[in-house]
Amino acid sequence: MVTSSAPGKVYLFGEHAVVYGEPAVPCAIERRATVTVETSEPGELRVHAADLTLDGFTVEYNGDPDGHPDVDVATPLVEAGMAYIQGAIGQAREVADAPNAGFEVHVESDIPLGAGLGSSAAVVVAAIDAATRELGVELTAREIADRAYRVEHDVQDGQASRADTFCSAVGGAVRVEGDDCRAIADVPELPFVIGYDGGEGDTGKLVAGVRQLRETYDFAADTVEAIGDVVRSGEDALEADDFEELGKLMNFNHGLLEALGVSSRSLDAMVWAARDAGADGAKLTGAGGGGCIVALDATERTIDALKYTPGCESAFRADLDTEGVRREEA
Ligand code: MEV
């Protein structure tokens, strides 16, 4: 039996535009998905998943492609969760050349599903690590990132970038531009505050929506490029430890994402509450549509303001997690 965990993430800059080859800067946060894997009967795949949503659920799934798990949460979310886990197990079977290996998988996560904090990437990364180790193979973080990307790419109908999976596998702050993925050294302490509206967005649909907008309107293609410009300026601000400039650029990035139609009333309300409370800057994080915003504020004022913001279900601090995927004691 092997247990591995991997962190979730926030985007300091660049979600959506990264899908079209612009750079992005995601940062791993101290919220993790933990996956325990044990080999079982050949061909079998049983998954027990607790806390993938705020309510938590348990799925007994026998690997039948037509079988639907019998659980009491939004079916698309469960099916997406199952598709990620099945994909991860498929990668492990391939790596170890054990196509018929059976597994019992337990997933626990304190990263809400579909909320923009990289829950699916964290689950896939941790599952690939645990399942390959269980089969006696040890992959590097980069190899895990690469295989996790293939899973996200398949589940999201070819519309995923490498950003979420690379960040979760290696930890810390990273820079992703197309296939070029690297860790960013000497990142200052970033006082992230997260506001969560309790909802979720469908990443596949949101990415498809931006793609269609970009193909229909020149302004949308220009907006995607403008996000790339903001990210490049953001990298300079990060290197100079210039929080005022970083915050300003986060605000620009949010405005551009709004123009692409991926914000929502509750995300905007939380972004404005953070700015009014004196945060350096605030933006939605991840695919949008609902879920989380990220603000930069070293004081408690943004958290306090978010707690009283209609539509905000919870607000919390999220420190940068410098560690990516790791083996846990069972
Ligand atoms: C989702 O967390 C981030 C997106 O940029 C999609 C991706 O990069 O795969 C919206």
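1. Y217 has a relative accessible area of 44%, so the residue is partly exposed. Buried here means under 20% relative accessible area, exposed means over 50%, and partly exposed lies in between (1.4 Å probe, protein chains only). F219 also falls in the partly exposed class, at 39% relative accessibility.

2. Before going further, note that this is a predicted model: local features need pLDDT of at least 70, side-chain atom pairs count only at pLDDT 80 or more, and totals for chains, interfaces and linings use all residues. Residues are numbered from 1 along each chain as its sequence is written, and side-chain values use heavy atoms, with hydrogens and water left out.

3. How many aromatic pairs does a search of the whole structure find? The search finds one. Y217 and F219 form this pair, with 5.8 Å centre to centre and 50° between the planes, which is tilted. The cut-offs are these: rings of Phe, Tyr and Trp (its six-membered ring) pair if their centres lie within 6.5 Å; planes under 30 degrees apart count as stacked, over 60 as edge-to-face and the rest as tilted.

4. Next, the salt bridges. A search of the whole structure finds 20 of them. The term covers a side-chain nitrogen of Lys or Arg within 4 Å of a carboxyl oxygen of Asp or Glu. Side chains of opposite charge can pair when their charged atoms come close.

5. R175 lies in strand β5 (residues 174-177) and E235 in helix α6 (residues 218-239), so the pair ties together parts that are 60 residues apart in sequence. Helices (H or I, at least four residues) and strands (E, at least two) are DSSP runs, numbered from the N terminus. Are the two partners buried or exposed? R175 is buried, at 15% relative accessibility. E235 is buried as well, at 19%.

6. Helix α6 also holds the pair R232 and D229. The closest N and O atoms of their salt bridge are 3.2 Å apart. R232 and D229 are three residues apart in the helix, so about one helical turn separates them. R232 is partly exposed, with 34% relative accessibility. D229 is partly exposed too, with a relative accessible area of 44%.

7. R326 and E323 meet through their side chains in a salt bridge of 2.9 Å, N to O. R326 counts as partly exposed at 27% relative accessibility. E323 is partly exposed at 38%.

8. Salt bridges also form a network. Which residues does it link? They are E94, D146, R147, R150, R162 and D179.

9. On the surface, D241, D242, E244 and D280 gather in a patch of negative charge. Patches are made of residues with over 30% relative accessible area and no salt bridge; like charges are joined within 9 Å, nonpolar side chains (Val, Leu, Ile, Met, Phe, Trp, Tyr) within 5 Å. Asp and Glu count as negative, Lys and Arg as positive; His and the chain ends are not counted. E244 belongs to helix α7 (residues 243-259). With a relative accessible area of 67%, E244 is exposed.

10. D241 is partly exposed, with a relative accessible area of 42%. The backbone of D241 deserves a look: phi is positive, about 55°, although the residue is not a glycine. Most residues other than glycine have a negative phi.

11. D97 is another residue to check. Phi of D97 is near 50°, a positive value in a residue other than glycine. Where is D97 placed? D97 sits in the loop between α1 (75-95) and β4 (102-109). D97 is exposed, at 67% relative accessibility.

12. Two further loop residues. C312 lies between α9 (301-307) and β10 (314-317), in the loop. C312 is buried, at 13% relative accessibility. C312 and E239 are 73 residues apart along the chain, and their C-alpha atoms are separated by 32 Å. T140 lies in the loop between α2 (119-134) and α3 (141-155), and T140 is partly exposed at 42% relative accessibility. T140 and A169 are 29 residues apart in sequence and 9.1 Å apart in space, C-alpha to C-alpha.

Terms used
Areas by Shrake-Rupley, 256 points an atom, 1.4 Å probe, with all protein chains shown as cover. Charge placed at Lys NZ, Arg CZ, Asp CG, Glu CD.
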